[in-house]
Amino acid sequence: MLKIFKYSVYDLLRSRWSYIYFGFYFVFTTSLLFLSGDVSKIVISLINVLLILCPLIATMFGVMYYYNSREFVELLLAQPIKRSSVFLGQYLGVACSLSVSLLLGIGVPFLIYGILVSSAIWNFFMLLVIGVTLSFIFSAIAFWIALRNENRIKGFGLAILAWLFFAIIYDGIFLLTMIVFNDYPLEQFALGASIFNPIDLSRILILLKLDISALMGYTGAIFKQFFGSNNGMIISFTVLTTWIFLPILAIRRLVSKKDF
Amino acid sequence: MISIKNLYKSFGKNEVLKGIDIDFNASGITAVLGPNGSGKTTLIKSVLGMVIPNRGEILVNGKSIKKHWEYRSQIDYLPQIARFPENLKVNDLITMIKDLRSQPSDEQTFITNFGLEPFLDKRLGTLSGGTKQKVNLLLAFMYDNPILILDEPTNGLDPVALIRLKDLVRAERAKGKTILMTTHIMSLVEELADEIVFLLEGKVYFRGKVQALLEAQGEANLERAIAKMLTGKEEIATLVPSNSFD
């Protein structure tokens, strides 16, 4: 698995798209730092971008990489290696190269700015952790969707739909339920519902860390009330890591039965 | 070497292999032939463990291949379509496969043989189809394992490379390897194959020497013999209903 991983990272780090992705974060972060000196505010602006962009790019990249290497995989599968190693290696390659672009694109401007001596270092750190986690989760989901669908257009469509669902539709449904069942106590429901969406969880996690209740929204407030800041963070982070492993397990299961 | 017992495979409702029983034991070249969709590639992919059969068993060197991957170190495979990661260089790809197999390999001979030196530092995405096929051949031939599987080896090759390929395959046969080859080019079969396996509708329809097929069909040329075998079958199938209209 490590060998496959090594070469997919090698391949991806030379791809134009990795540089474009890195460049976007670099320019965006630099200009934010240039325009405003308040690190906390910049972290909030960045988190709003990350929560949408990381999942989207990870989804697109994951699907694209799988379909692009579809024929090459046949050559790899004929080698004396385990099937699951081939796919997990490739998945880790995609997730890690995305994470590298993200870490460098956001990290370098902040380091130059002097984040290490700033008081906001842990907020900044949390921002990076969430970006990386979301990349891992959504590229795994994308790989799983692509593996399930040999038809590329259908695979692409479903992957985008999955992103749209978690990024936008889920919140819409959530809000609607809140309005419709306004008269009932919905705290527990809201708590439960946020666990099923990694993007919501990430939002809660960062807002608990930043401790800005005004921006926390309904679920965030309940989370804080229920668990307190620290427990809330531990719980949401644990659930978030489970979100990485679920699609990976699904990939492993699918791969062991699939025909190529 | 390879023995296939009662192999069934269907993709959804489409039954591709319907009970294949065959052994490839002797060293030499066996051409696996058949019309499009007759199950050639599925059969080969089942042997390589890429396609998981519904029923039946495949033994390589006497051991079942089910849920095993180590046996693949005994097999060199040339896939049908050569598509590689675009951003890797030819050299990187060779190192990668060597790294994965960790077996002694002889890539240098084949780099010279196919004239690939000028391309070693080029990215695979920039190579032409024929050059990619040469890289593909190199990856399959650089190892010295007892089983060699070639799926449409002539795709996109120029005449010079084609001649080299034929010489290579002959050289591998001389080493006593078991070689399986699928192709649609009958002249290649006539030149190289020791034996033919003809698949039709998911079953082994004919197996034997080229000469035996020619004699059985009373033709001097393999292409015609196979065409005759196929049309002969169709005539029998269509004769019965058309009689009722007469």
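The side chains of B:K177 and B:E172 are joined by a polar contact of 2.4 Å. This comes from a predicted model. B:K177 sits in a loop of chain B, between α5 (159-174) and β8 (178-182). Is B:K177 buried or exposed? Its relative accessibility is 3%, so B:K177 counts as buried. The cut-off for buried is under 20%.

What surrounds B:K177, once neighbours within four places in sequence are set aside? B:E172 is in contact with B:K177, and so are B:D76 and B:D144. The list also holds B:S27, B:G28, B:Y143, B:N145 and B:P146.

## Where the chains meet

Chain A brings 27 residues into contact with 33 residues of chain B. The size of an interface is often given as the accessible area lost when the parts come together. Here the area buried between chain A and chain B is about 2,800 Å². Carbon and sulfur atoms give 58% of that area. Three residues stand out on the chain A side: A:Y7, A:F72 and A:P80. Together they supply 23% of the area that chain A buries against chain B, more than any other three residues.

## Polar and charged links across the interface

Between chain A and chain B, 17 residue pairs are in polar contact, counting pairs with both residues at pLDDT 80 or more. How many salt bridges cross the interface of chain A and chain B? The rule finds four. In one salt bridge, the side chains of A:K6 and B:D99 meet at 3.2 Å, N to O.

Which elements of chain A give two or more residues to the side that touches chain B? They are α1 (2-12), α4 (70-77) and α10 (217-257). By class, this side of chain A has 12 charged, 11 nonpolar and four polar residues.

## Nonpolar cores

The largest nonpolar core has 144 residues. Within this core, A:I106 and B:I4 have the most contacts. Helix α6 (residues 121-148) of chain A gives the core its largest share, 17 residues.

B:I4 has contacts beyond its neighbours within four places in sequence. Among them are B:I20, B:I22, B:F24, B:L43, B:V47 and B:I58. B:I4 is also in contact with B:D21, B:D23 and B:E57.

A second core is separate and has 16 residues. Its members include B:L33, B:M186, B:L222 and B:M229.

Key:
Residues numbered from 1 in each chain as written. Chains lettered and ligands numbered in written order. Predicted model: local features only at pLDDT ≥ 70, side-chain atom pairs only at ≥ 80, totals over all residues. Heavy atoms only, no water. Contact = heavy atoms within 4.5 Å. Buried area = accessible area lost by both parts, 1.4 Å probe. Polar contact = N/O pair within 3.5 Å; in protein donor to acceptor, adjacent residues only side chain to side chain. Helix = DSSP H or I, 4+ residues; strand = E, 2+ residues; numbered from the N terminus. Nonpolar A, V, L, I, M, F, W, Y, C, P; charged D, E, K, R; others polar. Buried < 20%, exposed > 50% of the residue type's maximum accessible area, 1.4 Å probe, protein only. Core = buried A, V, L, I, M, F, W, Y, C linked by side-chain atoms within 4.5 Å.
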